[in-house]
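Trainee: I would like to learn how to read a few features of a structure. Please take one at a time.

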Amino acid sequence: MSSQDIVKTSYAQVATAYDGYAQTPAGIIEAQLIARALGPGDLTGLHVLDLGGGSGIHARECIDYGAESVDIVDISPEMLQIASNIEESLGREGKIRFFEADVSKPLSEYNHPLREKYDVVMANWIFSHADKRSTLEGMFANIGAYLKPGGIFVGIRDANPFSHEFKTGKYGAHTGWVKEIEGGVKYWAVLHCKPEPVEFEVASLEIIYGGSKELYENAGLTKIVEMSLESAQCVKDDPEFWADFLKDPFLAVVRAVKT
């Protein structure tokens, strides 16, 4: 079974519980870092492409920050249905659209009515579902193809899958096991969602979690930076709680600009 088949099967099983991750410490800090990367209030009138956007957690945040529209592309029909149901419950129509596709494949092959270019492209955690470089290259090809010159890229990636703090579960997620594969690792991720945890297999390559800029640059991205963990409001509010995470984080939020 390919890594993308595993993703589709896994998220079909956890879709209904996944949104609970947003209330965990890890979910809170990633949302705050994404907000800083996007610039709250700076998305007014902009169009956003959310690759691997799932149930729409960060897509809805973009709408709250003033985005004119968000297109979510995700491999899981179950996650997309949850996102659609939430939008319907909010009484919004047309602000967020939903498209099923494998974001490691050329999106042009699906004939979805996507925009030619977007002001912002997000790719949150999709790189953690790639056990081959070719899969990552396909993902970055879509990022480069759909982000307009001067547009903003924002994405979450693994920082250190071997992190001690990822083993303890203190920050709302932990690893059940970690094993090395060619060029990286696979691990069993457990998110401390309520009322029950969410579990699935992750594949992450060192070219991603090691902080290399190569694939970003190949996609035409520049000004590639990791958002400062210390800039998150939750860290400012409780530095003692976050001290161990700052020493050995297991996630990073990356911001870049398209040339």
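Mentor: Start with secondary structure: helices (H or I, at least four residues) and strands (E, at least two) are DSSP runs, numbered from the N terminus. Here the chain has ten helices and ten strands. Its radius of gyration is 17 Å, close to the 18 Å that the globule rule gives for 259 residues, so the chain is as compact as a globular protein of that length. That radius is taken over C-alpha atoms, and the globule rule is 2.2 Å times the number of residues to the power 0.38. This is a predicted model, in which local features need pLDDT of at least 70 and side-chain atom pairs count only at pLDDT 80 or more, while totals for chains, interfaces and linings use all residues. Residues are numbered from 1 along each chain as its sequence is written, and side-chain values use heavy atoms, with hydrogens and water left out.

Trainee: How many of the residues count as buried, as a percentage?

Mentor: Buried means under 20% relative accessible area, exposed over 50%, and partly exposed in between (1.4 Å probe, protein chains only). In this chain 56% of the 259 residues count as buried. Alanine 141, in helix α5 (residues 133-146), has 46% relative accessibility and therefore counts as partly exposed.

Trainee: How is empty space inside a protein found?

Mentor: Rolling a probe the size of a water molecule over the atoms shows where empty space is left. On a 1 Å grid over the protein atoms alone, a cavity is a set of points where a 1.4 Å probe fits but cannot get out; lining residues have an atom within 4 Å of a point.

Trainee: Which residues lie nearest the centre of the largest cavity?

Mentor: They are Trp125, Tyr187, Ala189, Leu191 and Phe200, out of 16 lining residues. Helix α1 (3-18) and the strands β7 (184-191) and β8 (198-205) each supply at least two residues of that lining, with the largest share, three residues, coming from β7.

Definitions and conventions. On a 1 Å grid over the protein atoms alone, a cavity is a set of points where a 1.4 Å probe fits but cannot get out, and a pocket is an open set with protein on both sides within 12 Å along at least five of seven lines; lining residues have an atom within 4 Å of a point.
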